[in-house]
Amino acid sequence: MQRIRILATVLGLLFTTAVWAQQTGGTGGTTGGATGGTTGGGGRGSTGNLPTTGGQQGRTSDPYGREQQQIPQPDFRRPLYLSGKVVLANGMPPPEPVKIYLDCNGQRRPAGFTNTKGTFSVDLNDRNNLAFADASVQGAPVGIGQQGGGGGFGTVGTNLSSRSDGLGRVNLFGCQLLAELGGYQADPVPLGTRSVFDNPNIGTMVMQRLDGVEGSSISVTSLSAPKKAKKAYDKAFREMQKKEPNLQKAKKELESAVGLHSEYATAWNLLGRIRMMQDDLEGGRAAFEKAVEADPKFLDPYPALSRLALTEQRWDDGLQWSNQLLRLNPHASMAHYFSAIANFRLGRMEASKKSVIELKEKNADRDFPQSHQILGMIHAQQGLYEQAATSYRDYLTVQPDGPAASQIKRQLHEWEILGVIQKKEAAAAPTAAVPQN
């Protein structure tokens, strides 16, 4: 199955003057990334007068953040199932599928979806559950470093291979199961030591409506869809949950659904995602825009439209879509991240900084490590090298082996040599205990 891969390179933001580029899997597309640029950001407002260092070639990612290189590969072979139910505050199952995530120490990966009855059963050892991972995976949509990708997941805490004893038991302390539905929130379910022989049922998760949110991932247009249109949509969704979905079959069902109900926003949204997976960017954009036109308060198409605009360097459009999403859902951390990128590229440094600070205040900066990188670049352009160094080190704390880690370390070392920042002393090794007689 051919999958689109969109390479988001450094945008001239860190160490290079690399440009954003797209790469379509198997077609030999452009792999952006220049070497020998400056640390000054591209676009208006950059100074271009900072110490230089070499860049490196990027790594590709597809529009839904499936960074296959970063996905943990558990070494235990038995399935590790977790099941449960998701309901709204009135006790009814959500009319739209709810995304289920495994979160370990702030790093998330998709695990599956609920069905029409609100129930779910996910295998934490199944990497194929990523085949239908959607755009909201933290950090993944638009990279800010040379290597593309927003950091992905699996770098901190989700490598289950290191948590398994090889006997069917997995230490999941620090991990929790999350249910995500735009405009709603449920308490996470903490996980401890799990065994393949344990009862997999983790209970019921209740979705509460968030305050101050005008939009929702539950579209009112779904309620008015005729039975045949709903049936076609359900067929397409079930097809997309398969390990090897038939994209053409799913697309045909969705085209039938929107033909029967032209205002079917959720069907347009899913159709857009499938078209994107088939490398049809124009068709994908058109479908997402149809979803917004059908239901302007339906949240799901906005991240995809923002991502598309930023990937294609349409900074104003990316900012517009991000701002619309924030008006509908002020809790949408991804929109703050997108706004930070767009404003940086438009030379609006203070606005970009404000978006990053919003992420930090929401404790969502860990989900978007490159936000620290952006803030560091802004400080560096303003000649505030100590503050820049602090932000770069924050990035390294979250992603010590992240896409831009080696380049950030190199830059910090350069600044230390040049004397523009104080050298950070390594932590002293613990003193060995003296044996007592």
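Reader: Are H2 and H3 roughly parallel or roughly antiparallel to each other?
Author: The model is a predicted one. In it, the axes of helix H2 (residues 227–240) and helix H3 (residues 247–260) come within 8 Å and cross at roughly 160°. An angle over 145 degrees counts as roughly antiparallel. H2 and H3 are therefore roughly antiparallel.

Reader: Which hand does the crossing of H2 and H3 have, left-handed or right-handed?
Author: The two axes cross at roughly 160°. As H2 passes H3, the crossing is left-handed.

Reader: How do H6 and H8 run, roughly parallel or roughly antiparallel?
Author: Helix H6 (residues 301–311) packs on helix H8 (residues 333–345) with the axes 11 Å apart. The angle between them is about 20°. Angles under 35 degrees count as roughly parallel, and that makes H6 and H8 roughly parallel.

Reader: Which residues of H8 make the contact with H6?
Author: H6 passes H8 in a left-handed crossing. H6 brings Pro303, Ser306, Arg307 and Leu310 to the contact. By class, the contact has six nonpolar, one polar and one charged residues. The H8 residues are Met334, Phe338, Ile341 and Ala342.

Reader: What is the phi of Gln313?
Author: Gln313 sits in the loop between H6 and helix H7 (315–328). Its relative accessible area is 35%, so Gln313 is partly exposed. Most residues other than glycine have a negative phi. Gln313 has a positive phi, near 60°.

Reader: Is Asn363 buried or exposed?
Author: Asn363 is placed in the loop between H9 and H10. Its phi is positive, near 55°. The relative accessibility of Asn363 is 65%, and the cut-off is over 50%. Asn363 therefore counts as exposed.

Reader: How many disulfides does the count come to?
Author: The sulfur atoms of Cys104 and Cys175 lie 2.0 Å apart. The cut-off is 2.5 Å, and Cys104 and Cys175 form a disulfide. The count comes to one.

Reader: Is the disulfide of Cys104 and Cys175 left-handed or right-handed?
Author: The deciding value is the torsion about the S-S bond. For Cys104 and Cys175 it is about 105°, so the disulfide is right-handed.

Reader: Is Lys353 buried or exposed?
Author: Lys353 belongs to helix H9 (residues 349–361). Leaving out residues up to four places away in sequence, Lys353 touches Leu375, Ile378, His379 and Gln382. Its relative accessibility is 15%, and the cut-off is under 20%. Lys353 therefore counts as buried.

Reader: What is the relative accessible area of His379?
Author: His379 is part of helix H10 (residues 370–381). Not counting residues up to four places away in sequence, it touches Lys353, Leu384, Gln387, Ala388 and Ser391. His379 is buried, and its relative accessible area is 11%.

Reader: What separates the C-alpha atoms of Leu375 and Ile357?
Author: Leu375 lies in helix H10 and is buried, with a relative accessible area of 6%. Beyond its neighbours within four places in sequence, Leu375 is in contact with Lys353, Val356, Lys360 and Ser391. Leu375 and Ile357 are 18 residues apart along the chain. Their C-alpha atoms are separated by 8.7 Å.

Reader: What share of the residues in the protein is buried?
Author: The secondary structure comes to 12 helices and 10 strands. Among contacts between residues at least 6 apart in sequence, 64% join residues at least 24 apart. Of the 437 residues in the protein, the buried share is 58%.

How values were computed. Residues numbered from 1 in each chain as written. Predicted model: local features only at pLDDT ≥ 70, side-chain atom pairs only at ≥ 80, totals over all residues. Heavy atoms only, no water. Axes fitted to C-alpha atoms, helices over the stretch in contact; angles between N-to-C directions. Helix = DSSP H or I, 4+ residues; strand = E, 2+ residues; numbered from the N terminus. Parallel < 35°, antiparallel > 145°, perpendicular 65-115°, else oblique. Left-handed = near helix turned anticlockwise from the far one by under 90°. Buried < 20%, exposed > 50% of the residue type's maximum accessible area, 1.4 Å probe, protein only. Contact = heavy atoms within 4.5 Å. Nonpolar A, V, L, I, M, F, W, Y, C, P; charged D, E, K, R; others polar.
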